[in-house]
Amino acid sequence: MNKKLVSLVAMGILALSGCSIGQSTEKQLSEALTKMNESETEYRDTQSKLTELEKTEQKTFTETMELTKEDVDKLRSKIDELEKLLDERLTHLDKEEIAIKKAEEFVGELDTIAENASDSERGQILELKEAALKRYALHSTFIEEYRKLASIQREFYGMLSSEDVKLEDLKQKVEEVNGQNGIVQTAIAEFNEATKEVNSLKEDVFSSLEQEE
């Protein structure tokens, strides 16, 4: 089971350093996108933290699986560790979600910028706006699916501490974890593609604005 989930997520909208801001529309757009980028700082900061937690949890899980029923105290201790690590992951996920939602609030500024832009600029700016909204919507999907995965993992950890759990039930729960993990991986891939699209459109818009100077 691959635990390195969040570390696969793309690192957000690229910084706007190097963009010329001589033209009014270009300056307004640069400022709006910079606000979005800066609002995602907490989201980017959680990536390394989540990756480390996932590595630690994977190591602890492997150690837990090496214990036998006779190692009752050690087993319970390891399961407690797993549940605490899972809780920490979800805490960082909450921070990530808040940061992304804060960044999304600035997308509306692109409407105002588009209204004041020339006809040739307006279409590109609105296309960028729609791509940004799609990206944020896909992130919400990722968050939802990740929480479902964490819930199934918590159920699995709880089963490990049960004295009368059946091997068949454990196998079934592992299949559930792996199945949901696949859904999370798909959500990550779609979010990554959406991020690439936003960055590509952003570059196209600024390239067009520079040519119109």
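My entries follow, topic by topic.

**Ground rules**

I am working on a predicted model, so local features need pLDDT of at least 70 and side-chain atom pairs count only at pLDDT 80 or more, while totals for chains, interfaces and linings use all residues. Residues are numbered from 1 along each chain as its sequence is written, and side-chain values use heavy atoms, with hydrogens and water left out.

**Entry 1: the fold**

I started with secondary structure, taken as DSSP runs numbered from the N terminus (helices are H or I with at least four residues, strands are E with at least two). The chain comes out with six helices and zero strands. Read along the sequence, that gives the pattern α-α-α-α-α-α.

Next I looked up burial, where buried means under 20% relative accessible area, exposed means over 50%, and partly exposed is in between (1.4 Å probe, protein chains only). Of the 213 residues in the chain, 42% count as buried. For the surface I used accessible areas from the Shrake-Rupley method with a 1.4 Å probe; for residues, only the protein chains shown count as cover. The chain exposes about 11000 Å², and carbon and sulfur atoms supply 50% of that.

Then contacts, meaning heavy atoms within 4.5 Å. Among those between residues at least 6 apart in sequence, 83% join residues at least 24 apart.

**Entry 2: salt bridges**

My criterion is a side-chain nitrogen of Lys or Arg within 4 Å of a carboxyl oxygen of Asp or Glu. The structure holds 18 salt bridges by that count.

K148 and E145 came up with their closest N and O atoms 3.8 Å apart. Both sit in helix 5, three residues apart, which is about one turn of the helix. K148 is partly exposed at 38% relative accessibility, whereas E145 counts as buried at 13%. While on the subject of shared partners, I noted that salt bridges join K59, E63 and K78 into one network.

What separates K59 and E63 in helix 2? About one helical turn, because they are four residues apart in that helix, which spans residues 41–65. K59 is exposed at 51% relative accessibility. E63 is partly exposed, at 25%.

The last pair is R154 with D87, again with the closest N and O atoms 2.7 Å apart. R154 lies in helix 5 (residues 119–160) and D87 in helix 3 (residues 72–104), so this bridge ties together parts that are 67 residues apart in sequence. R154 is partly exposed, with 32% relative accessibility. D87 is also in the partly exposed class, at 38%.

**Entry 3: the cavity**

I ran the search on a 1 Å grid over the protein atoms alone, where a cavity is a set of points that a 1.4 Å probe fits but cannot get out of, and lining residues have an atom within 4 Å of a point. Grid points are joined across faces, edges and corners, and a volume is the space filled by probe spheres set on the points.

How many cavities of 30 Å³ or more does the whole structure have? The search finds one. The largest cavity holds about 40 Å³ of space. Its lining is made of E97, I100, K101, E104, Y136, H139 and S140. Helix 3 and helix 5 each supply at least two of the lining residues, and helix 3 gives the largest share, four residues.

I sorted the lining by class: Ala, Val, Leu, Ile, Met, Phe, Trp, Tyr, Cys and Pro count as nonpolar, Asp, Glu, Lys and Arg as charged, and the others, Gly among them, as polar. The lining splits into two nonpolar, two polar and three charged residues.

Is A132 buried or exposed? A132 is buried, at 2% relative accessibility, and I find A132 in helix 5. Leaving aside neighbours within four places in sequence, A132 is in contact with M36, V107 and V198. I also took the C-alpha to C-alpha distance from A132 to N199: 9.4 Å in space for 67 residues in sequence.

L149 is in helix 5 too, and is buried with a relative accessible area of 1%.

Definitions and conventions:
1 Å grid on protein atoms, 1.4 Å probe; cavity = no way out; pocket = protein on both sides within 12 Å on 5 of 7 lines; lining within 4 Å.
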